[in-house]
Amino acid sequence: MLNQADTHAGYLDPILIRHRHNANDLLQILIAAQDHYGYIHSDAIDHLSGQLGLPRSKIEGVSGFYSFLHLQASGEYRVLFSDNITDRMLGNMDLMQSLCSQLWVEPGKVSEDGLLSINTTSCTGLCDQGPALLVNNIAINRLTQERVNAIGELIRERLPVSAWPAMFFAIEDNIRRRDVLLGSHPKPGSALAALLQQGAAETLQQIKISKLRGRGGAGFSTGSKWELCRDAPGEQHYVVCNADEGEPGTFKDRVLLNSYADRVFEGMTLCARIIGATRGFLYLRGEYRYLLEHLQAVLQHRRQQNLLGDAILGQADFNFDIEIHLGAGAYICGEESALIESLEGKRGTPRNRPPFPVTHGYLNQPTVVNNVETFAATCLICLQGGAWYAGIGTETSSGTKILSVSGDCERPGLYEYPFGVTVSQVLSDCGAKDTQAVQISGPSGVCIAPDEFNRRIAFEDLPTAGAFMVFDRSRDMFEVARNFVHFFKHESCGFCTPCRVGTSLLSNMMDKLSHGHGSPYDFAEIEKLNVLLQSTSHCGLGHSACNPVLDTIARFRPAYDKRLAHKEFVPAFDLDRALSQARQMTGRDDTGAHLERSHE
Amino acid sequence: MSQSNTFTLDGKTIPYSEGQTIIQAAMAAGEYIPHLCFNPEFKPHGSCKLCTVKANGRQTASCTQHPAPDMVVESDTKEINDERRTLLQMLFVEGNHFCPSCEKSGNCQLQATAYQLNMMSPHFDQFFPDRPLDASHPDYLLDFNRCILCSLCVRASRDVDGKNVFALSGRGIKSHLIVNAKSGRLADTNFSGDDKAAHVCPVGVILKKRVGFAIPIGSRSFDEQPISATPHPQGACPVGPRSNAATLPPHPTVKDA
Ligand SMILES: Cc1cc2nc3c(=O)[nH]c(=O)nc-3n(C[C@H](O)[C@H](O)[C@H](O)COP(=O)(O)O)c2cc1C
Ligand code: SF4
Ligand code: SF4
Ligand code: FES
């Protein structure tokens with residue numbers, strides 16, 4: 001009898017060969033394998049397990065971790081509506097509901113004919129051109145009712161996504177303000193030539209003089225990181241570019257990869273020469289999969305120009321190449337040690353640190369992990385010198401920062417400023433009116449009110465990974481915080497108790513307030529959770545998960561007070577809400593099907 | 001430069017050797033730090049966070065943190081025990097723990113730690129997750145309702161038994177234990193009662209069949225002595241009745257639930 005697994009060998013073997021049957025590439029293999037049926041078939045796991053020498057439990061465990069991998073059929077068309085607060089403000093929920101009714105499917109379920117599923121997903125990085133969705137992992141922007149109707153038709157007609165109108169997929173850069181990084185266009189290879197001329201040690205010296213700090217959020221000195229990694233003993237050294245860009249409201253790396261990819265790869269190559277690496281990885285978030293072909297083409301072009309590969313620019317001892325690894329819908333994989341686990345084909349759980357990646361990174365070897373923008377900036381420094389760069393920005397925040405501006409403003413998009421720019425300057429440049437609040441650096445950052453708009457974007461005042469979400473006075477800041485809390489709950493990796501359970505408790509509390517059962521008692525509970533998550537969580541996600549609630553309670557208390565119908569503690573359980581399932585099953589919604597509701 | 005290879009734990013001097021973590025050195029010195037995912041026989045994991053201490057003023061998991069010379073470690077303080085109690089409450093509401101009907105009651109490290117830390121109620125609303133049992137195996141039963149995701153069975157099966165019978169799947173609050181079988185059933189794995197993995201679960205998930213309640217509740221390991229006295233008794237597989245213990249104290253999960 002033909003082994004069940006053999007029917008899968010046909011499409012799996014080429015994938016396995018491409019990855020040299022390397023179990024470290026498990027995630028990449030699974031992503032490719034899923035393309036065949038739209039999910040990972042149970043028999044396919046048998047084949048992979050045999051060929052890779054991995055237990056089935058490991059393959060299922062990895063698949064189960066990533067939102068974009070499915071072990072069950074999830075439709076020929078998998079539609080995911082981006083659900084950042086900015087998508088909400090642009091009406092994504094109504095559009096999703098409309099597509100659901102059009103196609104007779106409930107959110108989160110697969111249609112009865114197996115044709116499609118519709119669900120929400122965390123921010124897809126298109127906040128400046130939302131609402132957005134992903135269909136089979138390809139992004140569509142600027143959703144309108146017409147566009148959604150057309151999408152419904154295309155699905156009903158079973159037209160393959162590759163044949164859908166190109167205009168649906170026309171993602172824009174929206175660069176509104178250029179400074180030294182976005183405004184310059186050095187010839188590909190020029191920074192590498194400068195490096196070879198001045199020597200690796202001197203280039204590192206220039207990067208240290210520039211006082212460049214990481215653009216991914218934490219702001220660690222890039223020069224020191226490269227030096228620590230160079231000096232760490234190991235058989236191999238690795239360069240990793242963090243293009244996971246999962247922080248809601250952040251989309252500058254998307255534009256850098258779309259229009260400045262050469263610069264990013266060149267920065268990685270500089271790093272490789274300095275630390276002595278021959279292999280590098282770009283970890284590209286699954287939401288940006290549509291950029292993959294373009295990025296592969298840029299890499300190929302660089303190989304042809306001898307800017308990558310063996311004997312780069314004729315230097316016999318300068319060998320370096322870059323592979324692109326895709327993520328699969330897990331924000332936590334932006335955390336550098338979780339990212340490395342994911343690169344190794346594992347569940348994206350942050351490691352115990354120390355040791356840090358500079359000494360024990362990919363395959364436990366010394367590894368530099370930097371943000372996309374950080375690598376791009378190193379090219380400029382290599383070409384124009386560290387002192388020049390250090391002269392831009394402020395004393396402790398040198399250079400420029402690219403902000404991803406979205407929300408209530410006339411001109412959302414990318415704005416590059418020297419560090420030290422005030423929030424009010426940015427607001428006036430992007431045409432924001434009647435602004436109530438700005439969320440700086442996404443849900444894990446800070447939310448500020450108008451009396452703080454004279455504060456500055458800089459590591460010493462308002463550090464940011466780039467997100468700048470604007471809310472005008474019509475917005476309900478409670479709902480903003482609630483959206484962010486749901487994000488953290490969905491993205492907690494689940495490794496440690498405080499964050500795994502705490503993010504659920506927190507989102508339950510916010511839902512309780514939203515249902516009108518809140519009392520001041522709940523504020524004390526939230527404060528207690530915050531202290532616990534800050535002090536006992538395993539990584540930055542847990543540490544910052546309470547920030548959005550605490551910030552908005554401190555600054556926009558009336559948005560909460562409105563929901564405090566009670567002075568004393570009230571349980572979260574609501575009998576009338578519990579009956580909603582029965583109402584749905586019986587198709588009733590008349591007064592007789594409701595209990596008396598006092599709070600509405 | 002200080003040559004001392006000691007640190008202080010709540011004021012007591014604790015010697016340590018190269019490579020030991022805080023909890024390992026503390027246990028070697030006979031000092032108890034609450035813990036659940038740590039088991040001295042396995043590589044530390046660092047996930048439950050019960051073992052959190054303050055080391056030189058900074059909170060950290062003592063099962064993974066290495067001591068430094070003269071480090072000042074605080075463990076048995078009100079502040080830290082309050083946090084540990086909250087972590088326990090989180091674990092209790094996350095799963096379904098009906099201790100009075102649990103075969104592991106009295107031998108359960110979760111329950112015993114809750115007594116140790118005076119946890120009087122689960123405090124939070126219960127999540128009541130839906131986690132079906134796996135009774136497929138002839139000799140063993142898996143009651144996932146009680147799983148605290150400590151990954152000890154995963155480590156034991158992988159690192160000691162060389163089998164990979166257990167693994168974690170899912171993410172976040174949907175994280176859950178799976179077994180290595182296409183059917184998803186324990187009976188279809190190569191699991192055996194002789195496996196190390198059959199004997200490491202700190203709670204009542206992996207249970208031997210047909211020996212239920214052989215030792216009466218009230219006469220079990222932690223009924224006799226608190227967990228701080230014997231954190232890892234040979235209690236996972238009770239062998240016979242011991243002395244008559246005092247009546248069972250009121251149960252953590254039933255009070256003002
Ligand atoms: C939950 C979490 C998510 C993160 N996501 C990203 C990300 O998407 N991109 C990024 O560059 N850094 C992210 N970071 C920061 C990285 O861990 C790391 O500090 C950074 O990639 C280092 O690069 P840099 O020094 O160039 O900033 C994240 C950190 C945490 C805790
Ligand atoms: S804090 Fe959250 S995301 Fe980080 S390890 Fe713990 S559960 Fe995972
Ligand atoms: S079954 Fe037991 S040992 Fe295994 S993870 Fe769950 S609680 Fe830990
Ligand atoms: S015992 Fe240290 S984290 Fe679980």
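**Figure 1. One salt bridge is counted between domain 4 and domain 5 of chain A.** A salt bridge is a side-chain nitrogen of Lys or Arg within 4 Å of a carboxyl oxygen of Asp or Glu. Arg555(A) pairs in this way with Glu452(A), with 2.7 Å between the closest N and O atoms. The model is predicted: local features need pLDDT of at least 70, side-chain atom pairs count only at pLDDT 80 or more, and totals for chains, interfaces and linings use all residues. Side-chain values use heavy atoms, hydrogens and water being left out, residues are numbered from 1 along each chain as its sequence is written, and chains are lettered from A and ligands numbered from 1 in the order in which they are written.

Figure 2. Contact denotes heavy atoms within 4.5 Å. The domain assignment (automatic or from a database) places domain 4 at 404-474 and domain 5 at 478-561 of chain A.

**Figure 3. About 900 Å² is buried between domain 4 and domain 5 of chain A, 67% of it from carbon and sulfur atoms.** Buried area is the accessible area (1.4 Å probe) that two parts lose on being put together, summed over both. On the side of domain 4 of chain A, Pro443(A), Ser444(A) and Cys447(A) lose the most area to domain 5, together 53% of what that side buries.

**Figure 4. Chain B and chain A bury about 3100 Å² between them, with carbon and sulfur atoms accounting for 55%.** Met90(B), Arg171(B) and Lys182(B) contribute 25% of the area that chain B buries against chain A, more than any other three residues. The contact draws on 35 residues of chain B and 44 residues of chain A.

**Figure 5. Four salt bridges are counted between chain B and chain A.** In one of these, the side chains of Lys182(B) and Asp43(A) meet at 2.4 Å, N to O. On the side of chain B that touches chain A, α2 (78-94), β7 (166-169) and β8 (176-179) of chain B each supply at least two residues. The largest share of that side, six residues, is provided by α2(B). Helices (H or I, at least four residues) and strands (E, at least two) are DSSP runs, numbered from the N terminus.
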